Amino acid sequence: MTKKRTVKRKVKEPEPTKEQPSVSEQSDNEEDEDEDDDSDDDSEESDADDASPTPKDDQSSSSKAAAAQTKEPIIQIIPRDPSKPEYEESDTSDEEDIRNTVGNIPMHWYDEYKHIGYDWDAKKIIKPPKGDQIDDFLRKIEDPNFWRTVKDPMTGQEVLLTDEDIALIKRVNSSRIPNPEHDEYAPWIEWFTSEVEKMPIKNVPDHKRSFLPSVSEKKKVSRMVHALKMGWMKTTEEVEREKQQKRGPKFYMLWETDTGREHMRRIHDPVSAPKRDLPGHAESYNPPPEYLFDEKETKEWLKLKDEPHKRKLHFMPQKYKSLRAVPAYSRYLRERFLRCLDLYLCPRAKRVKLNIDAEYLIPKLPSPRDLQPFPTVESLVYRGHTDLVRSVSVEPKGEYLVSGSDDKTVKIWEIATGRCIRTIETNDVVRCVAWCPNAKLSIIAVATGSRLLLINPKVGDKLLIKKTDDLLAESPNLDVIESERIKTAVQWSNAEPDEQEKGVRVVITHFKPIRQVTWHGRGDYLATVMPEGANRSALIHQLSKRRSQIPFSKSKGLIQCVLFHPVKPCFFVATQHNIRIYDLVKQELIKKLLTNSKWISGMSIHPKGDNLLVSTYDKKMLWFDLDLSTKPYQTMRLHRNAVRSVAFHLRYPLFASGSDDQAVIVSHGMVYNDLLQNPLIVPLKKLQTHEKRDEFGVLDVTWHPVQPWVFSTGADCTIRLYT
């Protein structure tokens, strides 16, 4: 490319007259009209070089003379010095710092590109780095000149406005003349005459087509209307709307999603600010006398100056004669500020109120009619004891019943008739009775005082009675030497002759009073509990070998009751708060059940051996699923007083509980073979026929081994049968 030559214009301007504008205005207009385009070809530049004037040219001299005659500006072309930069000698303001050489075109053409134009060497001009709104916010905080910085749309660079530019913008915004030196009230110059001429300059009559609608315009408008209907063309508003959607939102939420949900929520679902509490009588300017502080209260209020949060009131009530006498409140501004803080920092989370019907909260249980049979009425009352009946047990075949009472007697009853067949007197209070579960033996274990009596009741099959006497008459010869610890705790002996006549065959004497006795399922082992025996409080006796053993060497707590597992060689030991399960073969602890209760009263195990029912003195029944957890599967609070006894039925899915509120509650407890299905527990019937004596109600419950009948004993000296 050939180098351009710089053109300097030296203008001699004559003095303007009223009829003629100044020469400077004319020259500026000429400059605007003759402005060169950046996209001129090289051929035009070379032509411009060849057309440079010479001093010998006659035309130039003639042009000077003509210019002098017409008083027009003289233009002198001076060649550019090649050693200096191209624009150094230029005095035109529009060529000072033009880096973007694409010309006056819409700059949004380059929105999708990384450059904004090309330089003189046809190289791309990369856009300056563009920050996000967080950067603009930080610059707004830190840069004091941020408010006067604007972005040049042609170059993408930031331009710092001068004071003159700002003054000019302010004048334009306030609808004033931009140039402050311009006199808008200057004398009017009439460039054209204001006198109306009588005759017009031209008097050409209007053409006929000026009165008729244009056919071409009509076709053009119809095409545009059709394009708008078809969606090929869009209105200006739609185009602007699409541009805004492409650009995205101008601002975005810093801590919230910018989907507009927060905005819509504030419009349609506003959260009202929390209201302040209404003032009380103490905050009045004339409070009642009882609200004013006396000397003691004033001293206490002043003493808590360092701990104002402990004060009952955050101010001291005062009394004034009238509202005009009330002084200005000194803490008004601070309390207003704290109130504004409360409103600003208030968690505007709206809690959704759940409208749930009570029907959905109550589990749907089957109807009791579908769970029959179960005991519903009282059928028989067995009367004969003179003191409270503590324990009751049923024969394995279900024909006879044995009971023990505080009147020091053991009575054997016939279940069907309610007749007392035999009464056996003892020397002490009978705490517990248990019929041997083995149907081939006729033995009753009776815990009276510190003695355990093995009694043959002499009821039922005579061959069975004789076989039992023969078994208990002979004591086996054992070569095993018992330890001193066992000898001092328990001693086996045959009954005295007078007791032999009553049916007592073997006496096991303990060193402490016995509270409970329970049999193993096969009828050879039985266990006794002595709560005061410390580490020897639980003993296991073997009937065939007539020997005893102490399973525990250390005391884990005050033992309340024990139980044998119906299938496995496991031993359940209940202390006051927890239940421990031991393996009798491995002689180790298997599991510890946490009851979270104050005092355990009794327990019963399901015939399948996977579920345990525990009664407590704090009005609860606990159902444990031994395969599921060490914590209760379900806690039942069906009674209003201490629960003393619970019992499972051997055949039916039933269990019963007796309490000091004189009630026996029968419940349905179905345990499924499917291990994934939870047990179904449904309370069925509340049987309340016992009488209360000395705060005691029902002391013991037990089930008939064959029929769905339940027996209960109470403090009213009776045994009741519910069928």
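Trainee: How many disulfides does the rule give here?

Mentor: The count is zero disulfides, where a disulfide is a pair of cysteine sulfur atoms within 2.5 Å. Remember that this is a predicted model, in which local features need pLDDT of at least 70, side-chain atom pairs count only at pLDDT 80 or more, and totals for chains, interfaces and linings use all residues. Residues are numbered from 1 along each chain as its sequence is written, and side-chain values use heavy atoms, leaving out hydrogens and water.

Trainee: Why is Cys-561 called buried?

Mentor: Buried means under 20% relative accessible area, exposed means over 50%, and partly exposed lies in between (1.4 Å probe, protein chains only). Cys-561 has 5% relative accessibility, so it counts as buried. Cys-717, at 10%, counts as buried too.

Trainee: What makes Tyr-382 and Trp-413 an edge-to-face pair?

Mentor: Rings of Phe, Tyr and Trp (its six-membered ring) pair if their centres lie within 6.5 Å; planes under 30 degrees apart count as stacked, over 60 as edge-to-face and the rest as tilted. By this rule there are ten aromatic pairs. For Tyr-382 and Trp-413 the centres are 5.7 Å apart and the planes stand at 70°, so the pair is edge-to-face. Tyr-382 lies in strand E5 and Trp-413 in strand E8, so the pair ties together parts 31 residues apart in sequence. Strands here are DSSP runs (E, at least two residues), numbered from the N terminus.

Trainee: How do you know that Tyr-382 is buried?

Mentor: Its relative accessible area is 0%, so Tyr-382 is buried. Trp-413 has 1%, so Trp-413 is buried as well.

Trainee: And what makes the pair of Phe-552 and Tyr-582 tilted?

Mentor: The planes of Phe-552 and Tyr-582 are 55° apart, with 4.7 Å centre to centre, and that pair is tilted. Both residues are buried. Ring pairs also link Phe-552, Phe-564, Phe-571 and Tyr-582 into a cluster.

Trainee: How do you know that the charged end of Arg-311 sits over the ring of Trp-301?

Mentor: A charge sits over a ring if NZ of Lys or CZ of Arg is within 6 Å of the ring centre and within 35 degrees of the ring normal. The charged end of Arg-311 sits over the Trp-301 ring, 3.7 Å from its centre. Likewise, the charged end of Arg-536 sits over the ring of Phe-511, 4.6 Å from its centre.

Technical notes: Helix = DSSP H or I, 4+ residues; strand = E, 2+ residues; numbered from the N terminus.
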